[in-house]
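Open the model in a viewer and keep the selection tool at hand. The stops below say what to pick next and what is found there.

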Amino acid sequence: MTFSTKRAGSLAAIAVAVALVATGCAASDGGDGGSGGGDGGNLAITFLPKNLGNPYFDTSSKGGKAAVDEFGGTFAEVGPTEAAPDAQVSFINTLTQQGVGGIVVSANDPEAICDALNEARDTGIKVVTFDSDTNADCRDLFINQATAEGIAKVQVDTIAEQIGGAGEIAILSATANATNQNAWIELMKEYLASDYPDIQLVDVVYGDDDDQTSFDKTAALLQTHPNLKGIISPTTVGIAAAARYLSTSEFKGKVALTGLGTPNQMRDFVEDGTVTAFALWNPEDLGYLAAFAAKALIEGEITGEEGDTFEAGKLGSYTVGEGGAVLLGDPYVFDADNIGDFDF
Amino acid sequence: MTADIQHAPVTRSYRDYAHPLWRRLLFTREAAIIALLVIVYVVAALTVRNFAAPITITYLLLDVATILLIALPMTLVIITGEIDLSVASVVGLSSVTLGTLHQAGLPIEAAGLVAILVGALAGAINGFFITVVGLPSLAVTIGTLALFRGLAVGLLGTTAVTDFTEFWTDLAKSKIPGTPIPSVMIVFVVLAIAFAVLLHFTPFGRGVYAIGLSSEAARFSGVRVERTKFILFVLSGTVAALAGVYYTLRFGSARGDNATGLELSVIAAVLLGGVSIFGGRGNIPGVIAGVLLIGIIGSALRLANVTSDVINIITGALLVASVVSTSVLAWVHRKRIGAGIKKGPPAPAQD
């Protein structure tokens with residue numbers, strides 16, 4: 001065994017070494033090209049989503065790349081294949097070593113990547129979180145996709161428009177103790193009382209964010225309330241299940257449905273007329289804004305203090321709010337006219 | 001085999017041992033992996049920007065510390081021809097145990113100790129089903145992989161415990177003063193020496209190899225097969241739980257889904273390090289080199305801006321190549337022996 005093992009071993013060693021040289025040279029030529037240059041700061045901005053191959057983050061990175069190209073920086077995207085809590089740490093460490101200008105990250109865990117981000121910031125790298133925040137002391141800015149008020153308002157406005165501002169509606173939520181959903185439902189009730197006195201919220205049911213349960217609850221809801229004119233489902237699982245029920249039932253087109261959903265889930269139901277419009281934020285704009293925020297930090301235009309103002313290209317001017325958060329704006333309404341532009 | 005030995009007690013010669021000791025030590029699979037490790041490191045240091053910096057060593061060792069720890073008992077388990085797929089779930093379970101107990105007011109020292117005991121218990125459960133009930137370890141540990149992970153996630157739900165005493169989280173991240181080497185490596189080196197001595201210099205260790213080569217033969221030679229395996233699974237659970245405590249403190253976050261999928265990284269590194277999946281072959285230095293090799297390749301490729309998919313493909317291909325090469329070399333070896341001794345018995349497979 002001795003001689004052949006040695007020969008095979010050295011062959012393998014050479015093969016790996018060659019592969020490493022080839023990829024190493026090719027990649028460092030292309031990837032690091034812009035990191036050294038630039039007078040107004042190092043505009044090498046790297047996006048680090050929760051995981052790669054996720055359509056939602058592909059869309060946000062697309063927006064980020066458009067922004068970075070617009071202001072002449074260097075865009076890169078790295079990330080783990082799985083959204084494990086610690087998986088982003090080694091990528092952050094790598095970016096620290098490479099000395100990029102800014103990291104735009106959606107955190108898999110608010111705590112686990114904190115130290116790595118702070119080490120990066122100690123070397124002068126600016127850190128912007130988007131979509132999913134870390135603890136506030138581990139980043140410079142958080143780009144918040146939507147506020148609870150905005151989410152509640154857009155759903156009520158959408159359903160009111162579809163049912164003509166009067167009649168019975170119901171809510172199909174996630175679990176009974178889901179923090180986000182309950183906060184939104186409270187705000188929806190307040191907003192309904194103040195702005196739409198002719199709409200009655202007759203029932204709130206819980207589909208537990210389970211497809212089949214949500215499906216069954218929708219059926220029960222329609223049996224119990226024969227005069228129901230609309231359903232709001234502030235959860236992506238619920239709205240898809242409710243749409244699936246409605247699309248094959250006699251209520252299709254008669255009972256309006258809206259809520260929070262993703263275009264890929266809802267495309268068929270929008271096309272067949274079950275759903276007219278639903279809401280979510282636009283991840284492309286989210287990435288675009290995050291990239292501009294990173295640029296403003298890198299160039300020293302802002303420091304992340306409350307009240308700082310910066311320009312974000314086509315999206316206009318933004319002000320840093322409480323706790324270093326920047327709000328993207330009102331949720332985005334998807335309908336038959338624009339759903340074709342999105343793939344996530 | 002036995003018949004041959006009876007017929008030819010005098011003329012029997014072992015071609016494998018015909019070479020001097022230094023050749024036998026130098027031209028082994030483990031030596032090849034260690035050589036590959038050195039070559040890859042040097043090439044990466046010369047060609048990949050920022051790789052040569054000392055901070056690379058810190059990040060690299062922090063990255064692979066958990067895998068290094070768990071790989072030690074896993075080496076022994078795989079040498080006996082068994083496997084433990086539940087280690088990453090034990091990491092999660094110990095992480096959650098530490099988190100919930102600390103949240104309930106227990107100091108980290110006590111909570112960590114309980115977490116390690118929970119790991120030992122988890123290992124004992126595996127060991128019980130494998131050695132007493134007599135089920136295959138693959139089936140048992142696939143079951144406990146789901147069971148322990150389910151318990152971990154069930155205990156904490158989607159929440160995380162993050163308020164650990166700063167002294168301990170700082171210690172978990174600290175470096176040995178004056179070096180780029182993380183302090184956790186001290187724990188690792190102590191354990192590595194302990195496991196290397198246990199495997200290579202004790203009757204228990206010889207028994208581990210004997211079981212892997214032939215469980216029956218080992219039993220007839222007086223090796224207590226069940227007892228040995230049971231001890232190994234308890235060790236595996238204990239060390240995985242220790243790794244879980246370290247993991248939790250290092251990231252400052254106790255979550256039920258911590259270290260999901262880590263078992264595959266551990267097993268891949270152990271196999272790359274020259275341990276035979278069929279049992280009976282491998283050693284601790286080779287495994288350490290295997291873990292470091294995967295770590296260095298990942299680190300260098302990430303620095304070279306290679307995407308994680310491509311890194312997975314490269315490490316996967318390397319692993320397949322290393323496993324295939326063992327079988328091919330064994331076949332070549334048999335051919336050569338066969339040609340050398342025309343009428344001799346088939347030589348025992350070395351790889």
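**Stop 1: a helix across a sheet.** Select helix α10 of chain A, residues 283-298. This α10 lies across β1, β3 (102-105), β4 (126-130), β5 (141-144) and β13 of chain A, and runs at about 160° to β4(A). Helices here are DSSP runs of H or I with at least four residues, strands are runs of E with at least two, and both are numbered from the N terminus. Angles run from 0 to 180 degrees between N-to-C directions, with axes taken as lines fitted to C-alpha atoms, for helices over the stretch in contact.

The model is predicted: local features need pLDDT of at least 70, side-chain atom pairs count only at pLDDT 80 or more, and totals for chains, interfaces and linings use all residues. Residues are numbered from 1 along each chain as its sequence is written, chains are lettered from A and ligands numbered from 1 in the order in which they are written, and side-chain values use heavy atoms, with hydrogens and water left out.

**Stop 2: the six-stranded sheet.** Now show the strands of chain A in the order β2-β1-β3-β4-β5-β13: these six form an open sheet with parallel pairing. Two strands count as paired if DSSP finds at least two bridges between them. The edges are β2 (74-77) and β13 (325-327) of chain A; each has a single partner strand, so one side of each is left without a neighbour in the sheet. Neighbouring strands of this sheet are turned by 20° against each other on average, direction ignored.

Zoom in on β1 of chain A, residues 44-48, which pairs with β2(A) in the parallel sense over four bridges. Which residue of β2(A) is the bridge partner of A:Phe47? The partner is A:Glu77.

**Stop 3: the disulfide.** Select A:Cys114 and A:Cys138, which are joined by a disulfide with S to S 1.8 Å. A disulfide is taken as a pair of cysteine sulfur atoms within 2.5 Å, and by this rule the count over all chains comes to one. The link of A:Cys114 and A:Cys138 is right-handed, with 75° about the S-S bond. A:Cys114 lies in helix α4 (residues 114-122) of chain A and A:Cys138 in the loop between β4 and β5 of chain A, so the pair ties together parts that are 24 residues apart in sequence.

Are the two cysteines buried or exposed? A:Cys114 is buried at 5% relative accessibility, and A:Cys138 is buried at 2%. Buried means under 20% relative accessible area, exposed over 50%, and partly exposed in between (1.4 Å probe, protein chains only).

**Stop 4: the four-stranded sheet.** Stay in chain A and select β7, β6, β8 and β9, which form an open sheet in that order with parallel pairing. At its edges stand β7 (199-206) and β9 (256-259) of chain A, each with a single partner strand, so one side of each is left without a neighbour in the sheet. The twist averages 25° from one strand to the next.

Strand β8 (residues 228-233) of chain A pairs with β9(A) in the parallel sense over four bridges, and A:Ser233 has A:Gly259 of β9(A) as bridge partner.

**Stop 5: helix α9 of chain A.** Select residues 263-271; the buried residues of this helix are A:Pro263, A:Met266, A:Arg267, A:Phe269 and A:Val270. What covers them includes α8 (236-247), β10 (277-280) and β14 (332-335) of chain A. Contact means heavy atoms within 4.5 Å. After α9(A) comes A:Gly273, with a positive phi near 90°.

Zoom out to the whole of chain A: there are ten helices and 14 strands, and 56% of the 344 residues count as buried.

**Stop 6: two helices of chain B.** Select α4 (residues 54-79) and α12 (residues 225-251) of chain B, whose axes come within 8 Å and cross at roughly 175°. The two helices α4(B) and α12(B) are therefore roughly antiparallel (an angle over 145 degrees; under 35 is roughly parallel, 65 to 115 roughly perpendicular and the rest oblique).

Finish on B:Ser236 in helix α12 of chain B. B:Ser236 is buried, with a relative accessible area of 0%. Not counting residues up to four places away in sequence, B:Ser236 touches B:Pro73, B:Val77, B:Asp84 and B:Val87.
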